[in-house]
Amino acid sequence: METQTILIKNSIIVDEDVRRGSVLIEDDKIVDITRKGSTGADEVINAEGKVLIPGLVNTHTHISMSLMRGLADDLPLETWLNDHIWPMESNLEAEHCYVGALLSALEMIKSGTTTCNDMYFFMDEVAQAIDESGIRGLLCHGMLDLFDSDKRKKEYKETLRIIKKCHNTADGRVQVALGPHTPYTCSPELLNWVRKKADKNGLKIHIHVSETEKEVEDSLNDRKKRPFEYLEDLNFLGPDVIAAHSVWLSGAEIALITDNNVKISHNPLSNMKLASGISPVSDMIANGVCVSLGTDGVASNNNLDLFQEMKTSSLLQKVRTLDPTVLPASKVLEMATINGATALGLEQEIGTIEVGKKADLVLIDMKSPHLTPYRNPISHLAYSAEGKDVDTVLCDGKILMLEKEVLALDEVEVMEMAENAAIDLLSRN
Ligand SMILES: [Zn+2]
């Protein structure tokens, strides 16, 4: 196959620092970054007046849940799950998950996210949607045995099926992780199985931990241990664990997270909407913990715009600590890019704009009233920009959106499919 080259010309490049330059892409990789823009290429993207950032990484999603957008708002987590989400999920079929994932992929492309870390069901359908949309995903089947051995066997079987069918597919854009849902919906047997499997096969583990205060209270009542202490006793914690939420943490638990190099996915908007609480993110960061950003499913957010998570995470820590200097703009940008890549084990491939890395790149159009005057791009990205300012998106060297036109998917068709799938899902209730 012949080499394809793309030149992104004259952009302001922002990752760990800010510099002017042109980025040359050969097939899936960045091969040159120069101050001049004269190098010839098959395709030239003029990036004058635009800012180039690494594709954003969303480290906690349930992308098929986009079909449930706006259907159950303003409820506590338990009522929300027991009376609304779980009954709807019991009616889910493969096609719903495929269409929901496709809709989310479209939304992520349009708001600059090129990688997601997704836990749900029918993950081969989700993998199909990720493949077709051109983005990247670390996917896991959400395992819940509710301490029942028959359910447990089914969860093992489904997890093994997804690994076999989907791991390292779509030119490596789709990878599979292990997905025990929570320490309170999974038995110790299941958690031990996951730990062994992760060690043996080098797979990541994606789990929800300490999302609500009630979860911690129940854990203390049932086991006399807080959730992270319980997981440590099972020898479950390690650098391959991506723990979503982690809102209610003791100092001892932050030490366990730090010592085990557990990766945290902070989901500020979901935690605020469900009134779960405020994660002590700046304390963890001060301890050197890798904290990245997630949206959670849109049923509790209600969108996948990581620009909103960047701004909210910073403001929320300022309010929590009454210190306006915590979580500055550059830090939240790092959380949405390189920290996300590190959490997923992809820090050698994505998360910064460097020669040799994959071309997962996003251009943001700075010519808008809310981005004017344009002086400090890092400040604008963290505090003023919105997902809809995203202009052009590349993933794995392929142009998925060019000057706000999505090339990877038929936008109108995907939205129509999603409306129909949502009508079908609701008619089953
Ligand atoms: Zn979640």
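Is Phe-122 buried, partly exposed or exposed, and what is its relative accessible area? Phe-122 is partly exposed, at 29% relative accessible area; buried stands for under 20%, exposed for over 50%, and partly exposed for values in between, using a 1.4 Å probe and protein chains only.

## Basis of the report

The model is predicted, so local features need pLDDT of at least 70 and side-chain atom pairs count only at pLDDT 80 or more, while totals for chains, interfaces and linings use all residues. Residues are numbered from 1 along each chain as its sequence is written, and side-chain values use heavy atoms, with hydrogens and water left out.

## Zinc site

The zinc ion has protein donors from His-60 (NE2), His-62 (NE2), His-208 (NE2) and Asp-296 (OD), at 2.1 to 2.4 Å. Donors are N, O and S atoms within 2.8 Å of the metal (3.2 Å for Na, K and Ca), and a site may look incomplete because water is not among the atoms. Along the sequence, the donor residues follow the spacing H-x1-H-x145-H-x87-D.

The angles among the 4 donor atoms run from 85 to 174°, and the site is irregular. Four donors count as tetrahedral if all angles lie between 85 and 135 degrees; four count as square planar and six as octahedral if opposite donors are over 155 degrees apart and all others between 65 and 115; anything else is irregular.

His-60 belongs to strand 6 (residues 56-61) and His-208 to strand 11 (residues 205-209), so this pair ties together parts that are 148 residues apart in sequence. Helices (H or I, at least four residues) and strands (E, at least two) are DSSP runs, numbered from the N terminus. Both His-60 and His-208 are buried.

## Nonpolar cores

A nonpolar core is a set of buried Ala, Val, Leu, Ile, Met, Phe, Trp, Tyr and Cys residues joined through side-chain atoms within 4.5 Å. In the largest one there are 106 residues, and those with the most contacts inside it are Ile-53, Met-68, Trp-80, Phe-228, Phe-236, Ile-264 and Phe-307. Helix 2 (residues 94-110) provides the largest share of this core, 10 residues. The core lies between domain 1 (5-54 + 356-411) and domain 2 (56-343), because both give residues to it; the domain bounds come from an automatic or database domain assignment.

Leaving aside residues up to four places away in sequence, Met-68 touches Ile-85, Met-88, Glu-89, Leu-92, Tyr-120, Ala-299 and Leu-425. Contact here means heavy atoms within 4.5 Å. A second, separate core has 15 residues, among them Ile-6, Ala-47, Leu-52 and Leu-361.

## Backbone features in loops

Asn-301 and Asn-302 are joined by a cis peptide bond, with omega about 5°. Asn-302 sits in the loop between strand 14 (291-293) and helix 11 (306-321). The peptide bond from Thr-372 to Pro-373 is also cis, with omega near 0°, and Pro-373 is in the loop between strand 15 (361-365) and helix 14 (377-384).

Phe-122 is not a glycine, yet its phi is positive, at about 50°. Its place is the loop between strand 7 (113-120) and helix 3 (123-133). Lys-224 has a positive phi near 60° and lies in the loop between helix 6 (213-223) and helix 7 (227-233). Lys-224 is exposed, with a relative accessible area of 68%.

## Salt bridges

A salt bridge is a side-chain nitrogen of Lys or Arg within 4 Å of a carboxyl oxygen of Asp or Glu. By this rule there are 29 salt bridges. One of them joins Asp-28 and Lys-358, with the closest N and O atoms 2.7 Å apart. Asp-28 is in the loop between strand 2 (18-26) and strand 3 (29-34), and Lys-358 in the loop between helix 13 (338-343) and strand 15, so the pair links parts 330 residues apart. Lys-358 is buried, at 12% relative accessibility. Asp-28 and Lys-358 also belong to a network of salt bridges with Lys-29, Arg-136, Asp-360 and Asp-396.

Asp-124 and Lys-165 form another salt bridge, at 3.0 Å from N to O. Asp-124 is in helix 3 and Lys-165 in helix 4 (residues 149-166), 41 residues apart. Asp-124 is buried, with a relative accessible area of 11%, whereas Lys-165 is exposed, at 52%.
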